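I opened this notebook to record what I looked up, one topic at a time. The structure comes first, then the entries.

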Amino acid sequence: MKVRPNFGEAYFNLGLALDQAGFAEDAVQALRRAALVNASLAATSYNSMAIVLRLQGRIDEALEAHRQAISVNDTATVLHTELSNSLYVAKRFDEAYAYLTEQRKRFGTDPYIAVGLGRVCVRTGRREQALSLIDELQESNPAFAEELRTMMKQ
(Lines give C-alpha, C1' and ligand atoms only; values in the text may rest on other atoms or scores of the structure.)
Protein backbone atom coordinates (compact mmCIF):
# COMPACT_ATOMS: atom_id res chain seq x y z
CA MET A 1 0.00 0.00 0.00
CA LYS A 2 1.36 3.39 -1.00
CA VAL A 3 1.05 6.37 1.37
CA ARG A 4 -0.33 9.55 -0.19
CA PRO A 5 1.30 12.58 1.45
CA ASN A 6 -1.35 14.91 -0.01
CA PHE A 7 -4.38 13.06 1.36
CA GLY A 8 -5.87 15.92 3.39
CA GLU A 9 -8.80 13.94 4.75
CA ALA A 10 -6.41 11.50 6.42
CA TYR A 11 -4.52 14.34 8.10
CA PHE A 12 -7.80 15.92 9.19
CA ASN A 13 -9.10 12.69 10.72
CA LEU A 14 -5.70 12.04 12.29
CA GLY A 15 -5.85 15.48 13.87
CA LEU A 16 -9.26 14.78 15.36
CA ALA A 17 -8.12 11.39 16.66
CA LEU A 18 -4.95 12.83 18.18
CA ASP A 19 -6.97 15.53 19.91
CA GLN A 20 -9.35 12.93 21.34
CA ALA A 21 -6.36 10.93 22.58
CA GLY A 22 -4.96 13.99 24.36
CA PHE A 23 -2.14 14.83 21.96
CA ALA A 24 -3.06 18.44 21.31
CA GLU A 25 0.20 19.59 19.72
CA ASP A 26 0.28 16.64 17.34
CA ALA A 27 -3.38 17.30 16.54
CA VAL A 28 -2.59 20.91 15.67
CA GLN A 29 0.22 19.79 13.34
CA ALA A 30 -2.00 17.23 11.58
CA LEU A 31 -4.81 19.77 11.16
CA ARG A 32 -2.36 22.34 9.80
CA ARG A 33 -1.10 19.76 7.31
CA ALA A 34 -4.69 18.97 6.25
CA ALA A 35 -5.31 22.66 5.60
CA LEU A 36 -2.16 22.97 3.52
CA VAL A 37 -2.64 19.90 1.34
CA ASN A 38 -6.39 20.15 0.70
CA ALA A 39 -7.84 23.59 0.02
CA SER A 40 -11.40 22.34 0.42
CA LEU A 41 -10.59 21.35 4.02
CA ALA A 42 -8.63 24.48 4.90
CA ALA A 43 -11.35 26.49 6.66
CA THR A 44 -12.59 23.50 8.64
CA SER A 45 -9.06 22.42 9.51
CA TYR A 46 -8.01 25.86 10.73
CA ASN A 47 -11.24 26.16 12.73
CA SER A 48 -10.70 22.76 14.33
CA MET A 49 -7.11 23.73 15.08
CA ALA A 50 -8.36 26.92 16.74
CA ILE A 51 -10.71 24.95 18.97
CA VAL A 52 -7.91 22.60 20.03
CA LEU A 53 -5.71 25.59 20.84
CA ARG A 54 -8.54 27.32 22.73
CA LEU A 55 -9.06 24.23 24.87
CA GLN A 56 -5.34 24.32 25.68
CA GLY A 57 -5.67 27.94 26.83
CA ARG A 58 -3.57 29.17 23.91
CA ILE A 59 -6.00 31.95 23.02
CA ASP A 60 -3.77 34.15 20.86
CA GLU A 61 -2.78 31.16 18.74
CA ALA A 62 -6.43 30.10 18.58
CA LEU A 63 -7.45 33.55 17.37
CA GLU A 64 -4.80 33.43 14.65
CA ALA A 65 -6.11 30.03 13.50
CA HIS A 66 -9.66 31.43 13.50
CA ARG A 67 -8.49 34.32 11.33
CA GLN A 68 -6.88 31.87 8.93
CA ALA A 69 -10.14 29.93 8.69
CA ILE A 70 -12.09 33.12 8.06
CA SER A 71 -9.61 34.25 5.41
CA VAL A 72 -10.45 31.05 3.51
CA ASN A 73 -14.24 31.31 3.95
CA ASP A 74 -15.41 34.70 5.16
CA THR A 75 -19.10 33.91 4.66
CA ALA A 76 -19.41 30.96 7.06
CA THR A 77 -21.05 32.31 10.20
CA VAL A 78 -19.87 29.30 12.19
CA LEU A 79 -16.28 30.47 11.75
CA HIS A 80 -17.12 33.94 13.05
CA THR A 81 -19.08 32.43 15.93
CA GLU A 82 -16.15 30.22 16.93
CA LEU A 83 -13.79 33.21 16.91
CA SER A 84 -16.18 35.03 19.23
CA ASN A 85 -16.38 31.90 21.43
CA SER A 86 -12.61 32.05 21.87
CA LEU A 87 -12.81 35.71 22.86
CA TYR A 88 -15.62 34.82 25.28
CA VAL A 89 -13.67 31.96 26.88
CA ALA A 90 -10.72 34.34 27.32
CA LYS A 91 -13.11 36.81 29.03
CA ARG A 92 -12.32 39.37 26.37
CA PHE A 93 -15.94 40.42 26.38
CA ASP A 94 -15.47 43.92 24.97
CA GLU A 95 -13.61 42.53 21.96
CA ALA A 96 -16.26 39.84 21.50
CA TYR A 97 -19.01 42.46 21.71
CA ALA A 98 -17.36 44.70 19.12
CA TYR A 99 -16.66 41.75 16.82
CA LEU A 100 -20.17 40.31 17.02
CA THR A 101 -21.77 43.72 16.60
CA GLU A 102 -19.83 44.10 13.35
CA GLN A 103 -20.83 40.60 12.22
CA ARG A 104 -24.50 41.40 12.93
CA LYS A 105 -24.22 44.16 10.35
CA ARG A 106 -22.99 41.59 7.82
CA PHE A 107 -25.15 38.59 8.68
CA GLY A 108 -28.32 40.22 9.97
CA THR A 109 -30.40 38.06 12.25
CA ASP A 110 -28.34 34.88 11.96
CA PRO A 111 -29.21 33.01 15.18
CA TYR A 112 -25.63 31.88 15.90
CA ILE A 113 -24.34 35.44 15.75
CA ALA A 114 -27.35 36.62 17.77
CA VAL A 115 -26.91 34.10 20.58
CA GLY A 116 -23.17 34.82 20.77
CA LEU A 117 -23.92 38.52 21.03
CA GLY A 118 -26.60 37.77 23.60
CA ARG A 119 -24.14 35.83 25.78
CA VAL A 120 -21.74 38.74 25.71
CA CYS A 121 -24.53 41.20 26.47
CA VAL A 122 -25.53 39.17 29.53
CA ARG A 123 -21.92 39.05 30.77
CA THR A 124 -21.35 42.78 30.23
CA GLY A 125 -24.61 44.02 31.75
CA ARG A 126 -26.30 45.03 28.51
CA ARG A 127 -29.62 43.74 29.80
CA GLU A 128 -31.94 45.58 27.40
CA GLN A 129 -29.99 44.43 24.37
CA ALA A 130 -29.96 40.86 25.70
CA LEU A 131 -33.74 40.97 26.17
CA SER A 132 -34.16 42.26 22.62
CA LEU A 133 -32.03 39.40 21.32
CA ILE A 134 -34.09 36.90 23.33
CA ASP A 135 -37.26 38.23 21.67
CA GLU A 136 -35.63 37.92 18.25
CA LEU A 137 -34.36 34.42 18.94
CA GLN A 138 -37.73 33.26 20.26
CA GLU A 139 -38.90 33.33 16.65
CA SER A 140 -35.87 31.85 14.90
CA ASN A 141 -34.36 29.55 17.54
CA PRO A 142 -36.32 29.09 20.78
CA ALA A 143 -33.57 26.92 22.29
CA PHE A 144 -31.08 29.79 21.97
CA ALA A 145 -33.64 32.17 23.48
CA GLU A 146 -34.04 29.83 26.44
CA GLU A 147 -30.26 29.57 26.85
CA LEU A 148 -30.02 33.35 27.19
CA ARG A 149 -32.97 33.46 29.60
CA THR A 150 -31.22 30.88 31.77
CA MET A 151 -27.97 32.87 31.69
CA MET A 152 -29.82 35.98 32.80
CA LYS A 153 -31.24 34.16 35.83
CA GLN A 154 -27.80 33.14 37.08
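**Entry 1: the whole chain**

I counted the elements first: the protein chain has 9 helices and 0 strands. Helices (H or I, at least four residues) and strands (E, at least two) are DSSP runs, numbered from the N terminus. I noted that this is a predicted model, where local features need pLDDT of at least 70, side-chain atom pairs count only at pLDDT 80 or more, and totals for chains, interfaces and linings use all residues. Residues are numbered from 1 along each chain as its sequence is written, and side-chain values use heavy atoms, with hydrogens and water left out.

Reading along the sequence, I wrote the pattern down as α-α-α-α-α-α-α-α-α. The C-alpha trace of the protein chain spans about 60 × 25 × 25 Å along its principal axes.

Next I looked up burial. Of the 154 residues in the protein chain, 45% are buried. Buried means under 20% relative accessible area, exposed over 50%, and partly exposed in between (1.4 Å probe, protein chains only).

The accessible surface of the protein chain is about 8400 Å², and 52% of it belongs to carbon and sulfur atoms. Accessible areas come from the Shrake-Rupley method with a 1.4 Å probe; for residues, only the protein chains shown count as cover.

I then looked at contacts, meaning heavy atoms within 4.5 Å. Among contacts in the protein chain between residues at least 6 apart in sequence, 47% join residues at least 24 apart.

For charge, I found 18 positive and 19 negative side chains, with the centres of the two sets 2 Å apart. Lys and Arg count as positive and Asp and Glu as negative, while His and the chain ends are not counted. The place of a charge is NZ of Lys, CZ of Arg, CG of Asp or CD of Glu.

**Entry 2: helix α9**

I checked the length of α9 (residues 142-153). Its 12 residues should span 16 Å at 1.5 Å a residue, and its end C-alpha atoms are 17 Å apart, which agrees. The expected span of a helix is 1.5 Å times one less than its number of residues.

Which residues of α9 are buried? I listed Phe 144, Ala 145, Leu 148 and Met 151. Seen down the axis of α9, the buried residues fall within an arc of 120 degrees, so they line one face of the helix. The arc is that of the directions from the helix axis to the C-beta atoms. On the face turned away from the buried side of α9, I found the exposed residues Ala 143 and Lys 153. The buried residues of α9 pack against α5 (77-89), α7 (111-123) and α8 (127-140).

How many of the 13 residues of α7 are buried? I got 10, and α7 is mostly covered. Among them are Ile 113, Leu 117, Arg 119 and Cys 121. The cover over the buried residues of α7 includes α5, α6 (93-107), α8 and α9. From its first C-alpha to its last, α7 reaches 18 Å, close to the 18 Å expected at 1.5 Å a residue.

I then picked Thr 81, in helix α5. Thr 81 counts as buried because its relative accessibility is 8%. Leaving aside neighbours within four places in sequence, Thr 81 is in contact with Tyr 112 and Ile 113.

The 15 residues of α6 should span 21 Å at 1.5 Å a residue; the end C-alpha atoms are 20 Å apart, which agrees. The buried residues of α6 include Phe 93, Tyr 97, Leu 100 and Phe 107. They pack against α4 (59-72), α5, α7 and α8.

After α6 comes Gly 108, with a positive phi near 65 degrees. In the loop between α5 and α6 I found Lys 91. Lys 91 has a positive phi of about 60 degrees although it is not a glycine. Its relative accessibility is 63%, so Lys 91 counts as exposed.

Leu 63 is in helix α4. Is Leu 63 buried or exposed? It is buried, with a relative accessible area of 1%. Leaving aside neighbours within four places in sequence, Leu 63 is in contact with Leu 83, Ser 86, Leu 87 and Arg 92. Leu 63 and Ser 86 are 23 residues apart along the chain, and their C-alpha atoms are separated by 7.0 Å.

Last, I looked up Thr 44 in helix α3 (residues 42-55). At 43% relative accessibility, Thr 44 counts as partly exposed.
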